[in-house]
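Subject: Structure handover

Hello,

Here is the structure you were expecting.

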Amino acid sequence: MKREKSSIPLGLGTENIGKLLAQYAIPAIIAMTAASLYNITDSIFIGHGVGAMALSGLAITFPLMNLAAAFGSLVGMGGAASLSLRLGQKDYDSANNILGNVLMLNLIIGVSFSIIALLFLDPILYFFGASRQTLPYAHDFMTIILLGNVITHMYMGMNALLRSSGHPQKSMFATIFTVLINLALNPLFIFGFGWGIRGSATATVISQFVVLMWQISLFNNKNNFIRFKKGIYRLKSNIVKDAFAIGMSPFLMNAASCIIVVLINRGLIRYGGDLAVGAYGIVNRVAFLFIMIVMGLNQGMQPIAGYNYGAKLQSRVNDVLKKSIIIATLIMIVGFTIVELFPRAIASIFTKDNELTEQAVIGLRYIFMFYPLVGFQMVVSTFFQSIGMAKKAIFISLTRQILFLIPLLIILPEYLSVTGVWISMPIADFISVIVASCLLYVQYRQFKKNHFKSEIE
Amino acid sequence: MENYIINIGRQLGSGGHTIGEKLSGQLNIAYYDKELLQIASQESGLGKEFFERADEKTNIHLFGDFVGWFSSSMNQGYFNNYLRNESLFQIQSDVIRQLADRQSCIFVGRCADYILRDHPRCLNIFITARFEDRLQRIIKKEKISSEKAKEVIERTDKQRSGYYNYYSNKVWGMSTSYHLCINSSLLGIDETVAYIRSFAEKSLKLT
């Protein structure tokens, strides 16, 4: 917060593209990987320490966890965007007000969400696909998570603010710390204390609590331009309004992914039983790891592509797009190869149960089917976003995650049973790759035309 | 004596642009309105059309920036996207500060009053006019029908107030946001210029 930063870092328009990409993408990739390792460790300890049914119970809670995260990011993200704007203007009073307001709003939303979700916990879980066997696990896990929900929300909110207030490394460390603490506490609580699935949830809440304390101490430092002090907590209508307006989009996106997971879980339970849901829990964790790595790459690509496009340096735009597509594809090919060659080994990281392993193997094979192409699709979508063509970006993204997936998930299982649920995902992947290719092709014809025109002029 | 700055906020068709231009001629200081976009483009290396597209507008309304966020709740790339309106505003405001450091000048619009709020010698003015006068001015300037002009005025007012309120945390056109609010229809352009000039000379102690 002390260093004056210029609005545009030097070198975006001149430095070697590969070097820039490494500089911007590697920290983001580390942060994203850490975040997904968090979920993976939970699943591993629950799978081995509690059992196969507990993994299914855990998978049932995914949509509710997504929804909680959606509410958590609602204010945090919006507040972070406003905060970075105020800090750019060195308007520290307004920035402080945003900090206080975000904290208050997270408190209010976090507590309200917990109360409502706790009151209707069992009906919600049944609706999300819980059975008699899985409900106790889902119930126990979620009760602790919901009791600690305020902590989770504040931790997420503070992390977003840390990042936008010029401390991206500290925000990355915060994520890594939660992973490490979680990693240490999980075996202690599950194997040492015999707390079962509750132990895992407790580890999650405690790890976030510890890191939240650290975040708060950072914002308490008198040397910081923005810090906690009296009078910043009273809600101000313009701050609240902006925070909600900006945060509404990530909220809807998260909420939509909640609906998808509910559809998948309900389909799997209906046609494949409880273990199919547990298998999805495993598959989801593995798939997410690779998706997150590519997302990290995309975060790194965005400023480079955006700036060079804005500066009309078309050959550099092509270069960064090409390199990003190649790297993303390589990442996905690695994932694809490992999963298709050793699906059993992967599944056995999470469980010893034979039947669950078999189901997870089937799921892994289907879901990763088109992953070598999905990297391309994700990069293209982010590319459109970075050059300011947001509508195309969202359209590409929606085709994979929602537009085609929902009808497929509703129709296919009717005919193909549990295979229909699994196969919906690669089919949606494939269609979205085609959509992305078409949009990119049209865009490049446009680029060529513009280039030709400017040469004549 | 230190540089002084006059910031002019204005309704579309109120004559704010002309008033600023005449004032700068009489006081013999620099004048920046749309010129800011060109300078911001040169300083940043980004194309001028991006600044024009984002000029005195904002994306902030429900679903407005839906897409800025689509990929994940942890999309920190969002903050590094230089084609976002907020980033362009940041570049433009750096330019305004640099120009204000160098010389005395007049800025029209672009939240310059907020950007230069810590400048020791600032005068912030808001100019309005009767609706009928604004309408006539726009019809003449843009050569469009009265219906169309009315539409343009209403839309621009909405955009400018959205832009100003979002970036400055103050309220556009509200008297407490400025030092002097004036309706140019009462005295006409030239007399209004003279009035503002004498107000500036006294309040900024120019003579």
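**The sheet in chain B**

Chain B holds an open sheet of five strands, in the order β2-β3-β1-β4-β5, with parallel pairing. The edge strands are β2 (30-32) and β5 (180-183) of chain B, each of which pairs on one side only. On average, neighbouring strands of this sheet are turned by 20° against each other, direction ignored. Helix α1 (residues 16-27) of chain B packs on the sheet. This helix touches β1 (5-10), β2, β3 and β4 of chain B, and its direction makes about 175° with that of β3(B). Please keep in mind that this is a predicted model.

**Strand by strand**

Start with β1(B). Six of the six residues of β1(B) are buried, so the strand is largely enclosed by the rest of the structure. I5(B), N7(B) and G9(B) point one way from β1(B). I6(B), I8(B) and R10(B) point the other way.

Now its pairing. β1(B) runs parallel to β3(B), and four bridges join the two. There, I8(B) stands opposite V108(B) in β3(B). With β4(B), β1(B) pairs in the parallel sense over six bridges. Here N7(B) stands opposite N124(B) in β4(B). R10(B) has I127(B) of β4(B) as its bridge partner.

β4(B) comes next. Five of the seven residues of β4(B) are buried, so this strand too is largely enclosed by the rest of the structure. Strand β4 (residues 122-128) of chain B pairs with β5(B) in the parallel sense, over four bridges. I125(B) stands opposite L180(B) in β5(B). T128(B) has N183(B) of β5(B) as its bridge partner.

**A residue to look at: I106(B)**

I106(B) lies in strand β3 (residues 105-108) of chain B. Is I106(B) buried or exposed? There are 24 other C-beta atoms within 10 Å, and 20 or more count as buried, so I106(B) is buried.

Which residues does I106(B) touch, not counting those up to four places away in sequence? They are I6(B), I8(B), G20(B), L23(B), S24(B), I29(B) and Y31(B). Of these, I6(B) and I8(B) are also residues of β1(B) that point the same way from that strand. For a distance across the chain, take K148(B): I106(B) and K148(B) are 42 residues apart in sequence and 30 Å apart in space, C-alpha to C-alpha.

**A helix pair in chain B**

Helix α2 (residues 35-44) of chain B packs against helix α4 (residues 85-102) of chain B at an angle of about 105°, with their axes 9 Å apart. α2(B) and α4(B) are therefore roughly perpendicular to each other. From α2(B), the contact is made by L36(B), I39(B), A40(B), E43(B) and S44(B). From α4(B), it is made by I91(B), Q92(B), V95(B) and I96(B). The residues of this contact divide into six nonpolar, two polar and one charged.

**The largest nonpolar core**

The largest nonpolar core has 208 residues. V294(A), I304(A) and A328(A) touch the most other members. Helix α2 (residues 52-88) of chain A gives the most to this core, with 22 residues.

What is V294(A) in contact with, leaving aside its neighbours within four places in sequence? The contacts are A328(A), I331(A), M332(A), G375(A) and M378(A).

Best wishes

Technical notes:
Residues are numbered from 1 along each chain as its sequence is written. Chains are lettered from A and ligands numbered from 1 in the order in which they are written. This is a predicted model: local features need pLDDT of at least 70, side-chain atom pairs count only at pLDDT 80 or more; totals for chains, interfaces and linings use all residues. A nonpolar core is a set of buried Ala, Val, Leu, Ile, Met, Phe, Trp, Tyr and Cys residues joined through C-beta atoms within 7 Å. A residue is buried if 20 or more other C-beta atoms lie within 10 Å of its own, exposed if 12 or fewer, and partly exposed in between; C-beta atoms are placed from the backbone. Two residues are in contact if their C-beta atoms, placed from the backbone, lie within 7 Å. Axes are lines fitted to C-alpha atoms, for helices over the stretch in contact, and angles run from 0 to 180 degrees between N-to-C directions. Angles under 35 degrees count as roughly parallel, over 145 as roughly antiparallel, 65 to 115 as roughly perpendicular and the rest as oblique. Ala, Val, Leu, Ile, Met, Phe, Trp, Tyr, Cys and Pro count as nonpolar, Asp, Glu, Lys and Arg as charged, and the others, Gly among them, as polar. Two strands pair if DSSP finds at least two bridges between them.
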